[in-house]
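Please examine the structure shown below.

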Amino acid sequence: MVALLSASQCEKGHDVCVIYSKRPESPLNIKDVFDERVRLINIQMDGKLNKIYSIIKMAILLNRIGPDAVFLHSSFAGFLGRVAGLFCFGNARFYYVPHCISMMRQDISNLKRLFFSILEIFASIKKCDYVACSRSELSVIKKYIPFRLCHLLENSVNFPPVNVSNKIESNGVVKVITVGQIRKQKNPQLFSKLSEVMRDEDFNVEFIWVGDGDSEEKNSLLKSGVQVTGWVEREKVFDLLKNANIYLSTSLWEGMPVSIIEAQLMGLPVVASSCAGNIDVVEHGVTGFLFDSTDSAISCLVELIGNEEKFKSIAMEANVRARDRFGYDRYSSAAEKLLGSY
């Protein structure tokens with residue numbers, strides 16, 4: 001989404017600089033991810049000392065550049081960037097884009113959620129608008145940070161048109177796929193369980209997880225018969241989606257899942273947990289299926305596998321709506337309108 005936004009801003013004639021911190025999962029060819037007009041500056045934000053140094057470095061850099069607008073992406077960078085912004089003496093407008101704000105997490109206690117909200121309030125000493133990627137995230141931000149303006153800018157995908165011809169071949173293997181990091185948020189335990197149940201009930205189904213992550217969770221996926229590809233190039237992800245039949249999301253929470261949008265644009269019907277983020281993309285029975293239990297997930301998968309007419313209608317409707325709602329032109333125009341809101 002950062003690459004998409006910065007490319008959009010370049011196309012509108014803005015001078016764009018992206019400050020980034022390398023992480024283990026960062027692509028090696030990070031320059032190839034961004035528009036060639038984007039200036040990339042590396043400031044490491046990992047480790048306690050680097051976090052402190054990064055605030056100083058960003059403050060110096062912001063004062064040197066003198067930006068008109070600053071977009072802060074993700075939790076750590078968003079927090080550190082706002083602290084650095086306290087020492088920015090220009091007239092830059094600040095926007096914080098959490099991409100799933102920490103208070104949405106379902107793997108933490110209420111006490112820890114309160115702690116995160118206190119950190120957000122502290123960081124909000126710096127005047128900064130919030131930018132939510134979904135209505136679910138918008139409602140959470142308004143609940144915890146009601147004193148700051150929050151805009152809605154739904155995620156998008158810059159995707160070439162795809163002819164939807166996906167179908168399940170009779171007597172063929174049904175490929176159920178998901179894309180993402182193997183971590184608790186994505187609920188790989190449920191993905192493993194669904195794979196086991198479908199195999200035990202003699203369905204000719206292959207479960208595929210595109211991505212990598214927690215080694216223990218990965219081993220559990222492999223033991224349950226899930227094919228784990230590890231990290232692959234973006235083009236390879238699209239090839240795997242193209243050759244799959246159903247997209248399955250077992251997430252516990254999301255901001256707004258780009259992977260589901262990509263699946264819809266590739267012509268895959270989606271079966272997704274009814275969590276925040278997923279419910280903003282999938283309309284139950286129209287553009288996919290939402291489930292709230294293991295049994296209902298199985299029922300949704302079985303219905304798609306056994307009902308070719310339903311399979312095709314879901315895939316087609318999801319594709320048409322995704323092109324309209326999550327298209328690049330809509331996103332680019334909305335982002336530019338946001339910049340002109342002052």
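Leaving aside its neighbours within four places in sequence, with which residues is Ser-156 in contact? The model is a predicted one, in which local features need pLDDT of at least 70 and side-chain atom pairs count only at pLDDT 80 or more, while totals for chains, interfaces and linings use all residues. Residues are numbered from 1 along each chain as its sequence is written, and side-chain values use heavy atoms, with hydrogens and water left out.

Ser-156 sits in the loop between strand S6 (150-152) and strand S7 (174-179); strands are DSSP runs of E with at least two residues, and helices are runs of H or I with at least four, numbered from the N terminus. With those sequence neighbours set aside, Ser-156 contacts Met-1, Leu-4, Phe-326, Gly-327, Tyr-328, Arg-330 and Tyr-331, where contact means heavy atoms within 4.5 Å. Its side chain reaches the backbone oxygen of Phe-326 at 2.7 Å, and a polar atom of that side chain lies 3.0 Å from the backbone oxygen of Gly-327. Ser-156 counts as buried because its relative accessibility is 2% (buried is under 20% relative accessible area, with a 1.4 Å probe and protein chains only).

The second topic is a helix pair. The axes of H7 (residues 188-200) and H11 (residues 294-306) come within 11 Å and cross at roughly 55°; axes are lines fitted to C-alpha atoms over the stretch in contact, and angles run from 0 to 180 degrees between N-to-C directions. On the H7 side, the contact is made by Leu-190, Lys-193, Leu-194, Val-197 and Met-198, and on the H11 side by Thr-294, Ala-297, Ile-298, Leu-301, Val-302 and Ile-305.

Notes
Buried < 20%, exposed > 50% of the residue type's maximum accessible area, 1.4 Å probe, protein only. Polar contact = N/O pair within 3.5 Å; in protein donor to acceptor, adjacent residues only side chain to side chain.
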